[in-house]
Amino acid sequence: MNILRYLLEKEFRQIFRDPSILRMIFIMPIIQLIILPQAANYEVKNVKIAIVDHDHSTYSTSMIYKITASGYFILTGINDSHLDAMELVERDHADIILEIPAHFEKDLVKESETEVLMSVNAINGMRANLGASYLSVILRDYNQDVRLKWVQLPRFDEVKRLNITSTNWYNPHMNYKLFMVPGILVILLTMVGAFLAALNIVKEKEIGTIEQINVTPIKKYHFILGKLIPFWMMGMFVLSLGLLVARVFYGIVPLGNIGLLYLFSGCYLIAVLGLGLLISTISQTQQQAMLLAFFLMMIFIMMSGLYTSIDSMPYWAQVVTWFNPVSYFIEVVRMIVLKGSTFRDIQFNLGIILIFAIVLNSWAVFSYKKRN
Amino acid sequence: MKQFLVFVRKEWYHILRDPKTLFILFGMPIVQITIFGFALTNEVKNAKIAILDPSKDFASTTLINRIDASKYFEVNDYLVSTKDLEKYFKEGKIKMAIIFPQHFNQSISHTNTAQIQIIADASDPNTATVLTNYASSIIQDWQNDLNKNRKLPYSIHAEVRMLYNPELKGAFNFVPGVMSMVLMLVSTLMTSIAIVREKELGMMEVLLVSPLKPITIILAKTIPYLLLSLVNIISILLLSVFALDLPIQGSIFLLIALSLLFTITSLSLGILISSITNSQQVAMLISLMGLFLPTLMLSGFMFPIENMPLPLQLISNLVPAKWYYFIVKAVMIKGLGIQSIWKESCILLSMTIFLLIISIKKYKVRLS
Amino acid sequence: METEKVIIVKDLTKSFGDFIGTNAITFDVHKGEIFGFLGANGAGKTTAMRMLCGLSRPSSGEASVAGYDVYKYPEEIKRNIGYMSQKFSLYEDLTVKENIRFYSGIYGLNKSQIHEKTSSLLDQLHLLNEKDSLVKSLPLGWKQKLAFSIAIVHNPAIVFLDEPTGGVDPITRREFWEMIYQASANGTTVFVTTHYMDEAEYCNRVSIMVDGKIEALDTPSNLKRYHNAKTMDDVFLILARKAQRQADQ
């Protein structure tokens, strides 16, 4: 136990001796946490639309007015030809082209039926789908207006109509920041922990100090604990700073028990640091360790469910996410912060993370060889 | 020139002698493009939902079956009362719930109307919106079927055509994005660490007393990584075409040339980072911690740039990946030529020149 | 000098694939002795020493250090030895005092012992004024002396020194050897590798390794007599000429 004390003392001294690293660990995540959530807005509010109006009629004009007045679309061009509009799409200046044929009004009035053509840039499938469905809703509304004008509807509508009401729980104002801030905090915490731990032991290998340690009677788990504890404390500090930023800048106060959040984060950090230390013990150079850490981090982050939904992935990919500690934490942080979930709700995730923590750290102790 | 080649060869040996690093360098883009290309999609599919259906009649059952049969939803639970709802949401078991009224069928046939309530878990607002939309349109379709034999007058039909990606595959968006992330981060990370490592081990001084100019030494360190990136670019493109069925609509040479330009931009950024730091740890923290999230979030492939507040839109212009992402989409998927992307290419080029000039200045100051 | 044997080595071998770093070496080291372990670069000195320190597992053969078998009890050995490697391996980003404190601490010295050790070491090394300087700011000679002092901070039975005086000026080398004699006088066995032949003269006994084998082992005077040489340098040249291996292996 005493030996651990000296190890910890040494690690802390080394950490605090390098202010450039300290600054980076604390300031970089905080700045990113302040700035980046502003960027995360999927909301399809500003769909850029180009309209090709071959009709130039009263109806086509009033329809265009209805679209632009909806607030969901930004009219980026009224073109005379499809080709001109396509050019806007090519330059990413338009997401949707709405083409109104020449006999639009005539067909509508005379034939009681007419047609428009929507061409949607579908490189981003979700955006395409949403944009198209918004536009369809507006067209349907406009269609309804037209009908009301021409047809005297009977008092008792024979058309069967379902009323759909929708409610958004936990985030009624659909505030994207509520959703992104905790998620980004998790990612930043994971990066700080994993990268620092991954670099640490291998650095001692590269500069040779590990030789001197290996020839002492120090226990392997002491050595690993000596690395784990300081980083754990720094991670918890970054977490607290992050929660403070979330509160001050975004007004996010966890609905659930904050102690529960810290409990989970504490276990999670042990798992992530264990992973970092494992990477460090199996690497020979810092460059190797970094690449390996980056490789895993990128997979973990992209497959975490923060940016894209895990349910939408093919089954094999969902299986991959079972081995991704980040995905469990993203889920839990949302549950506790936004839904006020309790210990019972998160116990499964907590159990999994504990298994990660035990396995990864034991593996790190095991693969740290005092002699080769 | 001969000296220079000797140097390049030395760097090349350094890299080749470390098979672990080499393995990750070549393996990473392949594994990531494969996983992300197949797995990531912005679409929301198979969302788990719960149903509360007290009426359990013909109408409600057919509607529920239709919802369950769609690729978007998977009915996970049938509730008996709204009491359980809270619990299911809190455990994260469901993303949405659909609540039917009592006597659903009866109310449709007699009063021609009925109320359906959708409750979405908006802790993820994006998914909530999309799911509510999907559910509403399924319900509306079903309602239209009820009225099938009645033709509405004065109808405007909208024909929808999906351009470039009619099957709405996630890979069309994610491959260009992941490509820009991997090329950017690997190149920046590797160069900055490789140069700073020499500094840390005291090798830089040895090199600098040699008659070579600092710029020669630095270039020699980056050229092997440029070649490695070329291999990566080609393997990514091969995978995209043969495994992910992505088209290369435009000129493949243009695509490779601009990818190399982008790699050089990233290498220059790596050189700049190496010129302002003295330890590998700091260099890598800047290259990864500093660049990872901003590249991911501000390049436009995750979040639409026009939705961002103005200051962030301006900042996003400084992210090289933003321009490269645009270029890849334009050349690869839209099949455009240089005349449509010369502006973006020029921006990348000037970024590169700018970064190189600053780093050379920084090195000169330090050495004199 | 028939005293207790603290290192017993029999047919100790380490091979790396096809390459045999140390080829069936056999020797003993007595308690309190200064044992010189000589050889050209690449002869296998460091490999042998690392096996004895428990840093590397032997391929075959037997060895015991301080009474403990190197296969079974490497951690017990570590409790009883000190080691100073070729490459300077103290923490350069810690101060002199912090390094002393750290290593004393992990060898299990208690608070008052650490305190005592620190002040006596700083005094002996004339580092009192430098006690709060970072180790990286010290000149190489001082660093080496500090590394040696730290290697014996826990009064080990044996201290292993791997080319401790490489790159150090003659005056500091002299002082360094005075410290070695001091340690030996205090009962610590010293196992030292070097390729400075004048230093070989300071040892009680020396062994000379060529191509992974021990070619000679005796007191310096016996070796000179046997090979009919004036200095250890000549002895070394006579033996080392047989070497087949490249020096830089």
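Guide: In chain C, 69% of the contacts between residues at least 6 apart in sequence join residues at least 24 apart; two residues are in contact if their C-beta atoms, placed from the backbone, lie within 7 Å. This is a predicted model, where local features need pLDDT of at least 70 and side-chain atom pairs count only at pLDDT 80 or more, while totals for chains, interfaces and linings use all residues. Residues are numbered from 1 along each chain as its sequence is written, and chains are lettered from A and ligands numbered from 1 in the order in which they are written.

Chain C holds nine helices and ten strands (DSSP runs, numbered from the N terminus: H or I of at least four residues for helices, E of at least two for strands). Its C-alpha trace spans about 50 × 40 × 35 Å along the principal axes. Of the 249 residues of chain C, 44% are buried, meaning that 20 or more other C-beta atoms lie within 10 Å of a residue's own C-beta, again placed from the backbone.

Now to the neighbours. Chain C meets chain A, with 23 residues of chain C in contact with 19 of chain A. On the chain A side, α1 (2–17) and α8 (209–214) are the elements that give two or more residues, and α1(A) gives the most, with eight. Chain B and chain C share no contact, and their closest C-alpha atoms are 13 Å apart. Two pairs of chains are in contact, and chains A and B share the most contacts.

Definitions and conventions:
A residue is buried if 20 or more other C-beta atoms lie within 10 Å of its own, exposed if 12 or fewer, and partly exposed in between; C-beta atoms are placed from the backbone.
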